[in-house]
Amino acid sequence: MTETLDGLRLSPLTDEDLELLLLVRHFELKLLELYGRGDLNGTTHTCLGQEYVPVALRSLLGPADHVFSNHRGHGHYLARFRDPHGLLAEIMGREGAVCGGVGGSQHIHRDRYMSTGVQGESMPVAAGVALHLKRSEPGALACVHIGDGTWGEGAVYEALNLAALWRLPLLVVVENNGIAQSTPTASQMAGTVADRAAAFGIPHRLVLSTDVNEIRLSLEREIARVREGQPLVVEFVTHRLGPHSKGDDIRPAEVVRAARDNDWYARYAHDHPEHFYRLDGVVKGRGRGPVAGEVAARPRLSRGAIT
Ligand SMILES: Cc1ncc(C[n+]2csc(CCOP(=O)(O)OP(=O)(O)O)c2C)c(N)n1
Ligand SMILES: [Mg+2]
């Protein structure tokens with residue numbers, strides 16, 4: 001067993017948080033199963049292993065805040081809306097799809113939530129929305145999720161520059177899983193995310209923990225400052241449990257093993273077996289049968305998305 005990121009026992013979760021974590025986990029495992037059977041088209045990127053990031057942030061964000069997601073966005077969406085039916089219908093091109101079936105897995109727009117598969121695109125858009133919020137809805141913020149590899153996109157720096165200069169309520173959440181598709185971060189990033197934030201005078205916080213309660217406590221005050229116009233970069237050191245998309249995993253066995261050893265799912269089952277097993281089977285059963293079965297039985301949309 002390799003060292004876990006924080007090496008500590010996870011604190012007990014509320015039923016609500018655990019159910020949400022399990023919902024995301026089983027939703028995506030089901031997706032991979034459906035793709036494997038040829039029941040879905042296009043592609044999908046799972047956030048297996050990273051589910052705790054949006055779940056931890058959930059209670060720190062409010063309905064007036066905007067969330068910008070990326071290609072790995074099912075967890076971000078489910079943490080915001082808890083709508084597995086609408087998302088699965090979107091991915092399967094069925095009636096009840098949240099974006100009428102034209103967005104698919106990566107391109108979702110609902111209320112103050114938007115995802116894009118184009119790396120870095122969301123940063124300037126989120127900065128623009130943060131400017132709007134500063135002027136018209138003070139106290140609200142724009143939260144944007146990006147990966148470590150996305151720091152190779154120039155648009156990220158243009159957005160950071162203006163966020164710092166104009167003191168925008170912009171929260172940049174970096175899910176640093178150590179890899180971009182098949183390129184390890186160490187092979188493509190000079191310096192660090194922290195150095196790059198510092199170049200703009202933007203505070204940076206490193207989160208090593210996978211403990212939802214601990215993460216919330218550690219970020220509460222900083223996120224309150226974002227609402228007052230202090231942009232912030234929060235970098236989660238996390239692990240991608242699965243392939244980049246489907247079946248395209250060329251990582252060495254020890255890297256995958258380290259990801260498994262840090263997985264909140266196995267760790268929570270170990271640390272809190274009674275709580276875990278009381279809810280895991282229930283949430284898994286819901287996703288495997290009723291949600292997927294019900295959505296698959298709906299009429300197909302004529303214009304289903306292909307990605
Ligand atoms: C502008 C742009 N370039 C390339 C791609 C292809 N692509 C999709 S995901 C990805 C890797 C992103 O890595 P990272 O930002 O670390 O996020 P992760 O996949 O690890 O969550 C790439 C290169 C893209 N979607 N958009
Ligand atoms: Mg990455």
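Colleague: How far apart are N and O in the salt bridge between the side chains of arginine 110 and aspartate 83?

Modeller: Arginine 110 and aspartate 83 meet through their side chains in a salt bridge (a side-chain nitrogen of Lys or Arg within 4 Å of a carboxyl oxygen of Asp or Glu). Arginine 110 lies in strand β2 (residues 109-110) and aspartate 83 in the loop between α3 and α4 (84-92), 27 residues apart; helices (H or I, at least four residues) and strands (E, at least two) are DSSP runs numbered from the N terminus. The N to O distance is 3.1 Å.

Colleague: What kind of model is this?

Modeller: Residues are numbered from 1 along each chain as its sequence is written, while chains are lettered from A and ligands numbered from 1 in the order in which they are written. Side-chain values use heavy atoms, with hydrogens and water left out; local features need pLDDT of at least 70, side-chain atom pairs count only at pLDDT 80 or more, totals for chains, interfaces and linings use all residues, and the model is predicted.

Colleague: Is aspartate 65, the salt-bridge partner of arginine 227, buried or exposed?

Modeller: The closest N and O atoms of arginine 227 and aspartate 65 are 2.7 Å apart. Aspartate 65, with a relative accessible area of 2%, is buried.

Colleague: How many of the residues of helix α3 (residues 74-81) are buried?

Modeller: Among the buried residues of α3 are His74, Tyr77 and Phe81. Just after α3, arginine 82 takes a positive phi of about 50°. Helix α3 is mostly covered, its buried residues numbering seven of eight.

Colleague: What share of its accessible area does the protein cover on ligand 1?

Modeller: His71, Arg72, Gly117, Gly149 and Thr150 come nearest of the 15 residues around ligand 1 (a residue is near if one of its heavy atoms lies within 4 Å). A polar backbone atom of glycine 117 is 2.7 Å from a nitrogen atom of ligand 1, and a backbone N or O atom of glycine 149 lies 2.8 Å from an oxygen atom of ligand 1. Of the 580 Å² of accessible area that ligand 1 has on its own, the protein covers 73%.

Key
Polar contact = N/O pair within 3.5 Å; in protein donor to acceptor, adjacent residues only side chain to side chain. Areas by Shrake-Rupley, 256 points an atom, 1.4 Å probe, with all protein chains shown as cover. Buried < 20%, exposed > 50% of the residue type's maximum accessible area, 1.4 Å probe, protein only.
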